[in-house]
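Thanks for coming. Please have a look at it first.

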Amino acid sequence: MTLSVRKVAAVAVVGAALTGCAGGSGAPQGAGQARMGTPAASGPATAPPPSPSAPSASPQAGTPARVPTLAPGPGGLTPVFERARQRTEKTVALTFDADMTSDQGPRAASGERFDNPELITALRRLKVPATVFMTGRWAEEYPDQAKAIGTDPNFEIANHSYSHHAFKSPCYGLPALDAPAARADVERAFAAFKKAGAVNTVPYFRFPGGCYDEQALRALAPAKVTAVQWDVVSGDAFAKDPDAVAEQVLAGVKPGSLVVMHCTRSAAPVTEQAVEKIVPELRKRGYRFVKVSELMGK
């Protein structure tokens, strides 16, 4: 069934999508202020082509040997990827942020669920490859799930920091990390994935809240990762209407798009239902689902 596109206010679109990831509202604070070491442009920035010789992140056990990355920007700045350069082939990447902050242990202990196993089950049943941007704290809280996701060839795990603290301030009120702490935070997350037994890890990183600037890109550079943003905001965070989320995604997807969603049940309770609507409709439109690693190689 073809879904009609609802008119959603732009501020609600961005705000709702990122609240579950950052705890705030509105457009990512500071996101995109520096791309490849240059000031933000008035329009979308064009990422450089993947470099076959670009180094990957600090070696992790089980990390695929040759995963596409982008070459460092001017001065060695961390490169930023938003969507495929090849924009005629109908490919789309669904990405899911598995969020949990370093101080949410008591909430998890009291019964709040930061996981969403039903979503992962649906993706498997629908045979949808996906990239999960996981915090290290999430992997520690749900090691069995982290291992199951990270050993399933249908998925790849990317880094969403360990603590979900900000790499730039202000960023939705998140505590900010200085440069040495930022690097250590990323490495700690990779270590958490390895400890959980995940092997399908990739050298990609998503800034908490999507907030970054040139200083953040410089601080992240030693980790030798490619920062991954998005061009389609799903609006699933704290949403209660899966149809609205599905329609928002369907309205935004174009060939080569990268969609940001969430794998955090308490903060994004209708994501699985929205995916059930999004996937068959996009396939009907001729789209093929890919992981970020394949999209980046386009």
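**The loop and the disulfide**

I start with His164, which lies in the loop between E6 and H6; here helices (H or I, at least four residues) and strands (E, at least two) are DSSP runs, numbered from the N terminus. This is a predicted model, where local features need pLDDT of at least 70, side-chain atom pairs count only at pLDDT 80 or more, and totals for chains, interfaces and linings use all residues. Residues are numbered from 1 along each chain as its sequence is written, and side-chain values use heavy atoms, with hydrogens and water left out.

His164 is not a glycine, yet its phi is positive, about 60°. With a relative accessible area of 2%, His164 is buried (buried means under 20% relative accessible area, exposed over 50%, partly exposed in between, with a 1.4 Å probe and protein chains only).

Ser161 is in the loop between E6 and H6. Ser161 is not a glycine either, and has a positive phi of about 85°. Its relative accessibility is 0%, so Ser161 counts as buried.

Pro170 also sits in the loop between E6 and H6, and the peptide bond joining Ser169 to Pro170 is cis, with omega about 5°.

How many disulfides does the structure hold? One, a disulfide being a pair of cysteine sulfur atoms within 2.5 Å. Cys171 and Cys211 form it, with sulfur atoms 2.2 Å apart. Cys171 is in the loop between strand E6 (155-159) and helix H6 (179-196), and Cys211 in the loop between strand E7 (201-205) and helix H7 (214-220), so the pair ties together parts that are 40 residues apart in sequence. The torsion about the S-S bond of Cys171 and Cys211 is about 80°, so this disulfide is right-handed. Both Cys171 and Cys211 are buried.
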